[in-house]
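Q: I would like to learn how to read the features of a protein model, one at a time. Could you take me through a few of them, giving the idea and then the case?

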Amino acid sequence: MPAILRNAYAMDAVKVAGVHNSPVENAWNSRIHLALQQAAEAGKITYEFSEAVAATDYPRAMREYAESGVQLIWGESYAVENEAREVAADYPDVAFLMGSSGGPEGDNFGVFGTRNHEAAYLAGMLAGKMSETNTFGSVGGFPIPEVNLLINAFRAGVSEVNADATFLNGFIGAWFDPARAKEAALAQIDAGADILFGERIGTADAAQERGIKAIGSLIDYTPRYPETVFANAIWNYGPTIDAIVADVIAGNPVGKDYTEFSFMKHGGNELIFVEDMVPTDAIPAMEAKRAMIEAGDFDVPIDNEEPA
């Protein structure tokens with residue numbers, strides 16, 4: 001049965017349903033789930049959701065929510081791109097917001113991409129000053145644009161401050177498989193990496209086991225790995241929710257790309273780091289670059305190509 005979150009004061013709130021392919025504790029989904037929960041608690045929306053919905057069952061779940069009278073269906077269409085668009089076309093009066101590698105479609109199918117690449121770039125600038133081997137590893141889920149650009153941004157940040165850097169990378173072919181991510185990370189450590197960028201949960205477990213440092217992505221891993229994770233490229237989904245809810249309330253078409261609301265200038269991503277785990281001389285250049293990004297004076301390169 002789907003879980004339902006409602007606010008007693010939200011009689012006129014936008015009715016939102018979330019269809020999560022992964023469990024909501026998965027890092028990516030957890031950031032969206034938390035933001036939707038917060039929006040419900042603030043009375044902006046009501047929120048019901050289903051999690052761990054298999055690709056084969058995904059269209060059915062979308063249709064059931066559309067038939068139930070919700071105004072906005074949130075989802076992730078990466079594995080069901082064509083099917084999700086077909087469902088949206090059948091329900092033109094329902095707004096859809098989908099994580100997607102494709103573009104928007106019609107008036108009611110909006111898309112978004114994950115953009116914590118700016119924070120990943122800044123984390124790379126810190127990491128570039130910390131390695132003893134000059135070898136940096138990363139573990140990703142799948143080589144799709146949203147993942148590729150994140151890892152490439154991390155690499156670009158490292159390279160800005162470390163001209164001798166070399167890189168290792170592995171994709172585990174899953175969004176939530178901590179054991180496989182740990183195995184991939186251990187292989188990179190064995191190949192010389194002494195700092196890891198963890199696009200997937202499980203990477204920091206390998207770093208912790210081998211006594212090296214790691215960077216977290218999307219959520220704050222520092223409390224769980226206090227001696228290991230020194231920085232996190234945080235993704236904040238609240239600005240995206242606020243933007244599409246405003247469009248739904250206003251009756252505006254939502255068939256557009258909402259990715260921009262994940263950028264740092266909107267508060268959509270941020271770097272947090274543990275200052276006493278980072279060399280003092282690494283911080284000023286990073287902070288100067290952060291100020292440039294926030295002011296719109298520097299654009300972190302978006303490289304969607306699969307990292308070598």
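Q: At what angle do helix 2 and helix 3 pack, and how far apart are their axes?

A: Keep in mind that this is a predicted model. Helix 2, residues 58-68, packs against helix 3, residues 81-90, at an angle of about 20 degrees, and their axes are 9 Å apart. Because angles under 35 degrees count as roughly parallel, helix 2 and helix 3 are roughly parallel to each other. On the helix 2 side the contact is made by Pro 59, Met 62 and Arg 63, while helix 3 contributes Glu 83, Ala 84, Glu 86, Val 87 and Asp 90. The crossing of helix 2 and helix 3 is right-handed.

Q: At what angle do the axes of helix 4 and helix 9 cross?

A: The axes of helix 4 and helix 9 cross at roughly 165 degrees and come within 9 Å. Since angles over 145 degrees count as roughly antiparallel, helix 4 is roughly antiparallel to helix 9. This crossing, too, is right-handed. From helix 4, the residues Glu 118, Tyr 121, Leu 122, Met 125 and Leu 126 meet Ile 283, Ala 285, Met 286, Lys 289, Arg 290 and Ile 293 of helix 9.

Q: Which residues of helix 9 are buried, and why do they lie on one side?

A: The general idea is that an α-helix has 3.6 residues a turn, so residues three or four places apart point the same way. In helix 9 the buried residues are Ile 283, Met 286, Lys 289, Arg 290 and Ile 293. They cover an arc of only 130 degrees around the axis, and therefore they sit on the same side of helix 9. Among the elements that cover these buried residues are helix 4 (117-127), helix 5 (145-161) and strand 12 (269-273). The face turned away from the buried side of helix 9 carries the exposed residues Pro 284 and Ala 295.

Q: How far apart are the end C-alpha atoms of helix 9, and what span should its residues give?

A: Helix 9 has 13 residues, 283-295, and at 1.5 Å a residue they should span 18 Å; the end C-alpha atoms are 18 Å apart, which agrees. Helix 9 is followed by Gly 296, whose phi is positive, near 80 degrees.

Q: How many residues apart in sequence are Pro 143 and Glu 306, and how far apart are they in space?

A: Pro 143 and Glu 306 are 163 residues apart in sequence, but their C-alpha atoms are 5.8 Å apart in space. Pro 143 is found in the loop between strand 7 (135-140) and helix 5, and at 38% relative accessibility it counts as partly exposed. Leaving aside residues up to four places away in sequence, Pro 143 touches Asn 148, Phe 171 and Glu 306.

How values were computed. Residues numbered from 1 in each chain as written. Predicted model: local features only at pLDDT ≥ 70, side-chain atom pairs only at ≥ 80, totals over all residues. Heavy atoms only, no water. Helix = DSSP H or I, 4+ residues; strand = E, 2+ residues; numbered from the N terminus. Expected span 1.5 Å × (residues − 1). Buried < 20%, exposed > 50% of the residue type's maximum accessible area, 1.4 Å probe, protein only. Arc of directions from axis to C-beta. Contact = heavy atoms within 4.5 Å. Axes fitted to C-alpha atoms, helices over the stretch in contact; angles between N-to-C directions. Parallel < 35°, antiparallel > 145°, perpendicular 65-115°, else oblique. Left-handed = near helix turned anticlockwise from the far one by under 90°.
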